[in-house]
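This briefing is meant to be read beside the sequence and the coordinates.

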Amino acid sequence: MTSSASFFSLLLLSSLLFDSHLSLTSAQATPPLLAGLSYEFHSTNCPSLETTIRDYLREILSSDTGVAAGLLRVHFHDCFVQGCDGSVLLAGSASGPGQGEQQAPPNLTLRARAFVIIEELRNRIHRACGAIVSCSDIAALSARDAVFLSGGPDYRVPLGRRDGLSFATVNATLANLPFFGSRVPQLITDFAAKNLDVNDLVALSGGHTIGRGNCGSFVGRLYPTRDPTLETTFADNLTRVCPTNTSSGVTPLDVRTPNNFDNQYYVDLLNRQGLFTSDQDLFTDNTTAPIVTSFANNQTLFFERFAFSMIKMGMINVTTGTQGEIRTNCSARNAASTTYLTTDVDQQGKNAGILRLFDNVVEGLFGYI
């Protein structure tokens, strides 16, 4: 065995010795909260909120582990486009089909069942507590629990988001979602536009430790010439999944532990087994390579940083206070005359405990969705 092979084998063994189910809910480092968000936002008016979500997702994931990645991606794709306002959950358009975020090419691969699960959770939560919890809050909590129930860290999620009134156009969606073929300098620019730094970039990329990629997202590394950064055996296996540049197969994003949320994605990168260009370049680029190595060596460090970055990402351009709405159907704006129970909150988003009727009359660029 070569010295480099021994080194990577040691990394794999040592990372497996870390606790794969770390709880960071009590003393974790967290980014500053934005006004309008609070960790206790629904603790009084909907105390069953987090238990409802976790119990239901535990049941779902016991038979469909793949949906965990789907829920995580929905939250990520929501936050990077217009902020964390639930806009990616909106379906259809008054101006015609094919106009919304869901129709943008990067979102066509979002798992349809993830949207169904979020809507079912909204239904259960609104039955129990009234229409006071937003779809965007439910999406954020679902992403956290998808990570935790797959073996990843547990962490507190600030709440108080409200749902946006419109979705982004296809072009705006394409302009805001990072591209799987991008290299590190472009990714750093893309993340900086969302107030996320290079540590956030590498940590959030670790979400690729679960989920699958389709041939279209990586065949450019195989044909017409093979990307020299691909490890030979790994590349050979990919060509069997995608024998041509028009193949439609799928393969795990993390070749080692595809269904477990752990740090093996970074071990993949050290072994030149990252699936996307945007993955492997994290280890090729001198700016990000040291962070990749530190996460490959230390799963606890990765979990801590991932939790920090997820909380930070979950506060991108949030809609709070009296702006937006609490959707009574996550896939559609409320009707103009809808009256529903909401919660009167102070400037910091803490629960004031006073339920009131709020007549939500709005007009939008796309009419009623």
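Which residues does H77 touch, not counting residues up to four places away in sequence? With contact taken as heavy atoms within 4.5 Å, H77 touches P106, N107, L110 and L177. This is a predicted model, in which local features need pLDDT of at least 70 and side-chain atom pairs count only at pLDDT 80 or more, while totals for chains, interfaces and linings use all residues. Residues are numbered from 1 along each chain as its sequence is written, and side-chain values use heavy atoms, with hydrogens and water left out.

**Overall architecture**

- The secondary structure of the protein comes to 13 helices and 4 strands, where helices (H or I, at least four residues) and strands (E, at least two) are DSSP runs numbered from the N terminus.
- Of the 369 residues of the protein, 55% count as buried; buried means under 20% relative accessible area, exposed over 50%, and partly exposed in between, with a 1.4 Å probe and protein chains only.
- Among the contacts in the protein with a separation of 6 or more, 75% are made by residues 24 or more positions apart.

**The annotated active site**

- UniProt, in an unreviewed entry, gives the annotation "active site" to H77; positions from that record are in the numbering used here, feature names are shortened, and annotations may be inferred rather than shown by experiment.
- H77 is found in helix α3 and counts as buried, at 9% relative accessibility.

**The annotated binding site**

- The feature "binding site" is placed by UniProt (unreviewed entry) at T209, D254, T257 and D262, and although these positions are spread over 54 residues of sequence, they cluster in space, with a largest C-alpha distance of 9.8 Å.
- D254 lies in the loop between β2 (250-252) and α10 (264-270) and is buried, with a relative accessible area of 0%.
- Leaving aside its neighbours within four places in sequence, D254 is in contact with H208, T209, D262, Q264, Y265 and D268.
- The side chain of D254 makes a polar contact with the side chain of T209 at 3.2 Å; a polar contact is a pair of N or O atoms within 3.5 Å, where within protein one must be able to donate a hydrogen and the other to accept it, and residues adjacent in sequence count only if both atoms are side-chain atoms.
- T257 is also found in the loop between β2 and α10, counts as buried at 16% relative accessibility, and makes a side-chain polar contact with the side chain of D254 at 3.1 Å.
- Not counting residues up to four places away in sequence, T257 touches T209, D262 and Q264.

**Nonpolar cores**

- The largest nonpolar core has 77 residues, and those with the most contacts inside it are Y266 and M313; such a core is a set of buried Ala, Val, Leu, Ile, Met, Phe, Trp, Tyr and Cys residues joined through side-chain atoms within 4.5 Å.
- The largest share of this core, 9 residues, comes from α3.
- A second, separate core of 12 residues includes V219, L222, F234 and L253.

**Helix α7**

- In helix α7 (residues 184-192), V184, L187, D190 and F191 are buried.
- Seen down the axis of α7, these buried residues fall within an arc of 120 degrees, so they line one face of the helix; the arc is that of the directions from the helix axis to the C-beta atoms.
- The elements covering the buried residues of α7 include α3 (67-80), α8 (198-205) and α11 (277-284).

**Helix α13**

- In helix α13 (residues 299-313), 11 of the 15 residues are buried, so α13 is largely enclosed by the rest of the structure.
- Among the buried residues of α13 are F302, F303, R305, K312 and M313.
- At the start of α13, a side-chain oxygen of N298 reaches to within 3.1 Å of the backbone nitrogen of T300.
- Q299, in helix α13, counts as buried at 3% relative accessibility, and its side chain reaches the backbone nitrogen of N263 at 3.1 Å.

**An exposed loop position**

- P47 lies in the loop between α1 (3-16) and α2 (49-61) and is exposed, with a relative accessible area of 61%.
- The C-alpha atoms of P47 and A128, 81 residues apart along the chain, are separated by 9.7 Å.
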